[in-house]
Amino acid sequence: MSAPSGVLVIAEAEDGAPTDLSREMLGLARRLADELNDGLGGGVDAVLLGEGLGDSAGELIAFGADRVHMGDGAAYAVYLAEAWMAKLMEIAAASPPVVILTGHTTMGADLAPRLSFRLGTTVATACVAAAVVAGRLQATRPCYGGAAREVLSFKTEPAVLTVKSKSQAVPDRDDGRSGAVVVVSTDVGETCARIVERKVQATAGVRLETANVVVAGGRGINGHEGFKKAQELADVLGAAVGASRVACDLEWCPPSYQIGLSGRTVAPELYIALGISGAGQHMAGCGNAKTIVAVNTDREAQIFQSSRFGVVGDCQEILPPLIDELRKLKSGSKT
Ligand SMILES: Cc1cc2nc3c(=O)[nH]c(=O)nc-3n(C[C@H](O)[C@H](O)[C@H](O)COP(=O)(O)OP(=O)(O)OC[C@H]3O[C@@H](n4cnc5c(N)ncnc54)[C@H](O)[C@@H]3O)c2cc1C
């Protein structure tokens, strides 16, 4: 068995192409691999299992992979831990990495602890940064409900990290890069579990993670009606709708809308926070927005400290005329 080296990225695909987070992880992997090898250029392997992946291998190479292990077939249409684990263990055994990166996603959060257990090593979840300091890997992640950050080092190899979306810069695409593609067998053999039925939740409109504008509602939006208004505003602006945890817990909107420490991370150009107090756990998911506009009845609300523009007022009074005015502007009846 060869000595551990390089970084292995467990990529994910959506609509047949690597996700933005996969690209973010490749950028991080490239930096770590170079640092771990003292600038001599360490290897970055990526593994992608799915169905209908097209030229995803080329994409992964263009964003920093040196070698892509790609399994493309019906057996990988839906994530199944057993099938993924078997292939990942084979890949990790053939060329043991020093670091394994996976997304802090539903799949990554399931895979990472399994992998670290099977490899007899350590996992650090929800990482927002990683670097090599004095030859040792250090990973940073939020702690105490987002109020502080902790820096971890690892006593075992490989270190397994789940990486939060929007925490890393996406590297520039370089179509001139070359790399190897290793075909992963689509024969997953007998598995104890099998997918019996799959229900895909219908999603309409703009995707939260990639939206340029996000309209988010909190407790102050005041129920389902408030979210209807938020959706109307989002439709006029071509925005996605998000929410605070409280609004999701109150079932005013689906749990998938949740933004924050235990929800999704967004980094839009414009974030409109309606009736959201601005707790640290919420801001952990939207603090990287370029411009935050907050509407809140409480002029002392914490959200105003992070906002570029603040409106002290009641969402229910402010939203209807705002939506009307924007509609008029859009239809060109007013300039
Ligand atoms: C471990 C942990 C993880 C967490 N993860 C998350 C997370 O991922 N995401 C998240 O959001 N939270 C998370 N939380 C919860 C977080 O601490 C807050 O409780 C939550 O963000 C508050 O939601 P909110 O702002 O909607 O509600 P509140 O804090 O109750 O704020 C409501 C705001 O609305 C204003 N308001 C009231 N009426 C109106 C009106 N008519 N018009 C305008 N404004 C009005 C009020 O002044 C107030 O500022 C987490 C907490 C913990 C402990």
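Reader: Before we start, what pLDDT do local features need, and how are residues numbered?

Author: Residues are numbered from 1 along each chain as its sequence is written, and side-chain values use heavy atoms, with hydrogens and water left out. As this is a predicted model, side-chain atom pairs count only at pLDDT 80 or more, totals for chains, interfaces and linings use all residues, and local features need pLDDT of at least 70.

Reader: OK, what is the strand order in the open sheet of 7 strands?

Author: Helices (H or I, at least four residues) and strands (E, at least two) are DSSP runs, numbered from the N terminus, and two strands pair if DSSP finds at least two bridges between them. The edge strands here are E7 (123–127) and E12 (180–183), each pairing on one side only. The pairing is parallel, and the order is E7-E11-E6-E1-E4-E5-E12.

Reader: Zooming in on E11, which residue there is the bridge partner of Gly103?

Author: E6 (residues 99–103) and E11 (residues 159–163) run parallel and are joined by 5 bridges. Gly103 has as its bridge partner in E11 Val163.

Reader: At what angle to E6 does helix H4 run?

Author: Axes are lines fitted to C-alpha atoms, for helices over the stretch in contact (heavy atoms within 4.5 Å). Angles run from 0 to 180 degrees between N-to-C directions. H4 (residues 106–118) lies across E1 (7–10), E6, E7 and E11, and its angle to E6 is about 155 degrees.

Reader: Now the open sheet of 3 strands: why is one side of E8 and of E10 left without a neighbour?

Author: That sheet has the order E8-E9-E10, with antiparallel pairing. E8 (129–133) and E10 (148–153) stand at the edges, so one side of each has no neighbour in the sheet, because each has a single partner strand.

Reader: And which residue in E9 is the bridge partner of Val133?

Author: E8 and E9 (residues 136–143) pair in the antiparallel sense over 5 bridges. Helix H1 (residues 20–36) lies across both strands, at about 10 degrees to E8. In E9, Val133 is partnered by Arg136.

Reader: On to the ligand: how many charged residues are in the shell around it?

Author: The ligand is surrounded by 25 residues (a heavy atom within 4 Å), the closest being Arg219, Ser244, Ser262, Ser277 and Asn296. Ala, Val, Leu, Ile, Met, Phe, Trp, Tyr, Cys and Pro count as nonpolar, Asp, Glu, Lys and Arg as charged, and the others, Gly among them, as polar. By that scheme the shell has 7 nonpolar, 14 polar and, as charged residues, 4.

Reader: What share of the ligand's exposed area does the protein bury?

Author: A side-chain N or O atom of His282 is 2.9 Å from a ligand oxygen, and a polar side-chain atom of Asp314 lies 2.9 Å from a ligand nitrogen. Taken alone, the ligand exposes 980 Å² (Shrake-Rupley method, 1.4 Å probe). The protein buries 74% of that.

Reader: Last one: where is the cis peptide bond's Pro158 found?

Author: A cis peptide bond joins Glu157 and Pro158, with omega about -5 degrees. Pro158 sits in the loop between E10 and E11.

Terms used
A polar contact is a pair of N or O atoms within 3.5 Å; within protein, one must be able to donate a hydrogen and the other to accept it, and residues adjacent in sequence count only if both atoms are side-chain atoms.
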